[in-house]
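Welcome! Have a look at the structure below, then try the exercises that follow.

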Amino acid sequence: MSLRNKLFLSFIALMVLNILLFKFVFEDIIVEQLKNDRHNQYQYEKDTAEKVRLMQLLRTLNFKDPTERLELDMNKNLPEDLMYRIVVQDARGNVIYSKTSQAYDLKMLPRNSETNGSLKVVGEYHFQQEPPKEGETVIYFYTDEYDIMASKGVSMMLWFIYGSITLVGLVLMALYVRWILRPVNELTRVTQEIRDGKRLVSFSYRTHDEFGQLFQYFGDMVDELRVSEERQSELISAIAHDFRTPLTTIKGYASYIGSGRVTDLERIQKQMGKIEQKTSDLEKLLDELQDYSTQSTEVRLNISRIHVKQFMKGIIEDYLVRIKEAGLSFQWKLRVSNELYIEADEAKLRRVMENLINNAIVYNKPGGSILITCDQREGHVLFSIIDKGEGISPEDQTKIFTKFYRVEKSRNRNNGGTGLGLNICQSIVRRHGGEIMVTSELGVGSSFSFTIPFYTT
């Protein structure tokens, strides 16, 4: 399960648990408290209204001035922590007396202008005055957001909400830290082992989340590093062998000729030819290493406009004699337009063709054949070199373009190589926007093909 899904499901589980906890534990407690708060508020307002009504009766019975008794008793007996306003009206509805509580006055001060507009009437009591006086006394009770928030039930609700959010956040953070730190510590351990030179590493963290995938990629990278180091070691050994063999031959022939014991001119020329051939082999090895170094530093391509048919004819002419000397039959088919041009680095494109043709010669069978084709396709040119040689196993076909990889591990053959040729070819083709492919069958032969795009104007 991915880390994202773990966090999501954990969040859902915590929210469901929180809802169930509220439903079966806190809901009744909070609702009961809200009821009590409202009942107490209502009772408080009702008691205040009853006091006003009682004072109104006393005023009617004992005082001629309708405001005299109110002024005497209201300031002493009515609570000031409630927000209310008392209005005494005559029979025509004119206000003859008005009284407000201290709590109401505080809310209506200028400095509280932002809150006094939110006052709402939550209770209203009307008392008719007793005859012979006509009119009524009205008491308005008010509330605002602060009063509502200050009630115990609402406070309990808010504490539950804030507490739930905090709890969910803490639990999720704890889970997240646990899920993060464990693989991070594991990765730190493995990285330390690799830095110390260890290449066979193992992971105890085995899950199918993002970190599990990261460890898989990291393990593959370490395996590639190990294989690359092994191949580099093999390459150094191979280069040392490939240099030592021709150098030994050159040294032997040069020493033999230099000794003066050979006087036959024809024999001298033959031995000089051997020296020249071995020198050419050394040059090829150096060229391959230089090409690899060039590809590794991503040197810019020297793009020019190449006439495809002329380019292919030049390649074919260069190899006619060599393929014939190797005892192989040679055919070619150029199925492209005479007006077809491509934009490419001619030297590097020639290098690809030469590498593939040289491989076809080296790995061919005695009396075998080589076929070179060039086909114009939609948007690209397809170059193919087909031989009737040894072929390549399916297992090796997936690795032959890897640097330092050689199908033939034995150095007793003359076709050892550095294992860089096909990797260089692949790099050149891809930098031109094309792709290189291989199809092969052991004992039947191989076909190497690559594409180079062209653009019609």
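**Exercise 1.** Find out what covers the buried residues of helix H9.

*Solution.* Start with the elements in contact (heavy atoms within 4.5 Å): the cover includes strands S5 (304-307), S6 (329-335), S7 (341-344), S8 (369-377) and S9 (380-387), together with helix H10 (346-362). Helices (H or I, at least four residues) and strands (E, at least two) are DSSP runs, numbered from the N terminus. Next, list what is covered: the buried residues of H9 include Phe311, Met312, Ile315 and Tyr319, where buried means under 20% relative accessible area (1.4 Å probe, protein chains only).

A word on the source: this is a predicted model, with local features needing pLDDT of at least 70 and side-chain atom pairs pLDDT 80 or more, while totals for chains, interfaces and linings use all residues. Residues are numbered from 1 along each chain as its sequence is written, and side-chain values use heavy atoms, leaving out hydrogens and water.

**Exercise 2.** Locate the kink in H9.

*Solution.* Look at Tyr319: a kink of about 40° is centred there, taken as the angle between axes fitted to the seven residues ending at a residue and the seven starting there. Then move past the helix to Gly327, which follows H9 and has a positive phi, near 75°.

**Exercise 3.** Describe how Tyr125 and Phe141 pair.

*Solution.* Their ring centres are 5.7 Å apart with 90° between the planes, making the pair edge-to-face (centres within 6.5 Å, planes over 60 degrees apart). Tyr125 lies in strand S3 and Phe141 in strand S4, so the pair ties together parts 16 residues apart in sequence.

Note on methods:
Rings of Phe, Tyr and Trp (its six-membered ring) pair if their centres lie within 6.5 Å; planes under 30 degrees apart count as stacked, over 60 as edge-to-face and the rest as tilted. Buried means under 20% relative accessible area, exposed over 50%, partly exposed in between (1.4 Å probe, protein chains only).
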